[in-house]
Amino acid sequence: MQFHLDGFRPGDPDVHAPAADLRDRSGPLPETIDVLIAGCGPAGLCLAAQLSLEPSIRTMIVEPKLTPMEKGQADGINVRSMEMFQAFGFADKVKRESVWINETTFWSPDPANPGHIHRVGRVQDVADGLSEMPHVLINQARVHDLFMDVMKNSPTRLEPDYGLKVVDVVVDPAADDYPVTVTLERTSPEREGQRETIRARYVVGCDGARSSVRQAIGGALHGDAAHQAWGVMDILAVTDFPDYRMKAIIQSAGEGAILVLPREGGYLVRLYVELDQLAEDERVADRGMGVDDIIAKAKRILAPHTLDVKEVVWWSIYEIGHRLTDRFDDVPADQAATRAPRVMLAGDACHTHSPKAGQGMNVSMGDAFNLGWKLRAVLTGRAAPALLHSYTAERRAAAKSLVDFDHRWSRVVGNRPEDDTDAAMPRVQREFIANGDFTAGLTVCYEASALTGAGQHQALATGFPIGMRLHSAPVIRLADAMPMQLGHVIDADARWRLFLFAGAGDTGQPGAPVAQLCDFLETAEASPLRRFTRAGENIDAVIDVRAVFQPGFRDLVYPAMPSLLRPHKGRYGLCDYEKVFCADLKSGDDIFTMRGIDRAAGCVVVVRPDQYVAEILPLDDHAGLAAFFAGFLLPTS
């Protein structure tokens, strides 16, 4: 972590200096705002946290509830979300507080006594090599807290406005400035029903499956329902079930299924319990079921094991549905060439599914992580508003994959064991193993576009698939011999990264490919650093250049590195010593081998602000690198 760049900073380094023009929260609501976010769920808060870090962007996030969430709802954090948390700076805190899911076990009816269950299989929950991060479970409310800590400590000191809900959104396509009029309604008892309007440049609906923002732009959720009631409860209980502190998938002979999910703190456990089949026209509420029905069903499924529930912390009964909206923004398809989006949707507002695969909160945050840096780029004048079209193009495809997967997975979990003809391994275990990459959040692949290359030079780094998230690997930082993960240098700061992987014999010496590229980036008129970095900004304000060399750190000389890799920044012109890395030869985890990097030629790996690989180019393709960034960034005046 870097601080003190512009002078000594005492105290907590996570607390930024406040922006010059902070909102007076004791006064009336602002008349205009840059971005209004509806909903304080994972998507809304993830987006708000990103925007709060940009001092020039005025953001407002509203929530109908009067207080922050404390319990319930989602709890699973896949490895991809943990990688994202690393960019926000709180992954280590989540690791410490959460429960790690290391093993998943599978239970089916005992052939000798079908009324009893027995363990039939077990697998490592996250396969080796997928990520340096674990799969964890933690209360969704705690995730909210961590995003709100980022907001509270940001330059804008952003806080949610509770007791306000969006009831209408109107877009004036002909207006140049603040074209979105938002009608807000008070929900607090003393002001209930009072309405106010705000004009915004952009509105993002993160307001759930019944989204008012989606309805206002004419969107609708389409899909189907499984007509199956499930109950979920967080409990403190005493049991003799042996896998109570592991993730367990239980299928009984005639009573249904249970998902056992241990929770943080060592004692709390969540149970998802299959209840009753519903008629075509029946809703869950029609049955009048309650927590006692969930407990009774759980006890029957767990037989011969006992379950003595001491406290129910939270519970809910729901019906499985798989639905996807027809539009992620307010622009009709036939107007995309002439209009940029002004209203966008994220999270449950545009896709709903069951919680069986633990993907809801993760995909919702993925939506926001994709959108946040794009809004920052547009609002700060780095990119044209048309960049926002890429949000729908990229995230609707990811959401459709999730809905399709969840449709299949829900039926596998609810499958009756007697329907499984493979005695060697139950179907649910086979499917769990086969879909490990998906549930880890690692199969999202953005198609070729202005932001993502077509893969012409993929062979230069086969372990960094273009369009997929950067798969981190160990390196050694040259200046201080610090062992670390290369991907951990990517912060949620809306900057692009260039990782220069040196070829054989390249130690940064003058005339070698890395030095030649650094010279081009630092001095050439066509350099994207010179074209897109404004006067007075640090050289890495938009594009952060780092290099990784093949020799060990004792075989390289830091002062001999190209000057771009030793930039002097800030008001004092202090040297940034954290741009140069080497392969971790001591541990044997050589990033060049692990990620299939061409040792002879090396390469450039271009990484987007949301940690996805955008392009791979030869080190000497200076023109190609310049052309890539010219495809979406706006040159400085």
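**Exercise 1.** State how much space lies in the second largest cavity of this predicted model, which residues line this cavity, and which helix gives the most to the lining.

*Solution.* Begin with the volume: about 40 Å³ of space lies in the second largest cavity. Next, collect the lining, which is made up of Gln 50, Phe 369, Trp 373, Arg 376, Ala 492, Asp 493, Ala 494, Pro 609 and Asp 610. Then turn to the helices, where helix 8 (residues 360-379) gives the most to this lining, with three residues.

**Exercise 2.** Find how many cavities of 30 Å³ or more the whole structure holds, and describe the largest cavity by its volume and its lining.

*Solution.* A search of the whole structure finds three cavities of 30 Å³ or more. In the largest cavity lies about 90 Å³ of space, and the residues that line the largest cavity are Arg 80, Glu 83, Gln 86, Glu 132, Met 133, Leu 470, Ser 472, Gly 487, His 488, Ile 490 and Gln 611. Divided by class, this lining comprises three nonpolar, five polar and three charged residues.

**Exercise 3.** Work out the order and pairing of the open sheet of three strands, and name its edge strands.

*Solution.* The strands of the open sheet stand in the order 3-7-4, with antiparallel pairing. Strand 3 (76-77) and strand 4 (99-100) are the edge strands, since each pairs on one side only. Looking at one pair in detail, strand 3 and strand 7 (residues 136-137) run antiparallel and are joined by two bridges; Gly 76 has Leu 137 in strand 7 as its bridge partner.

Notes. Residues numbered from 1 in each chain as written. Predicted model: local features only at pLDDT ≥ 70, side-chain atom pairs only at ≥ 80, totals over all residues. Heavy atoms only, no water. 1 Å grid on protein atoms, 1.4 Å probe; cavity = no way out; pocket = protein on both sides within 12 Å on 5 of 7 lines; lining within 4 Å. Points joined across faces, edges and corners; volume = space filled by probe spheres on them. Nonpolar A, V, L, I, M, F, W, Y, C, P; charged D, E, K, R; others polar. Helix = DSSP H or I, 4+ residues; strand = E, 2+ residues; numbered from the N terminus. Pairing = 2+ DSSP bridges.
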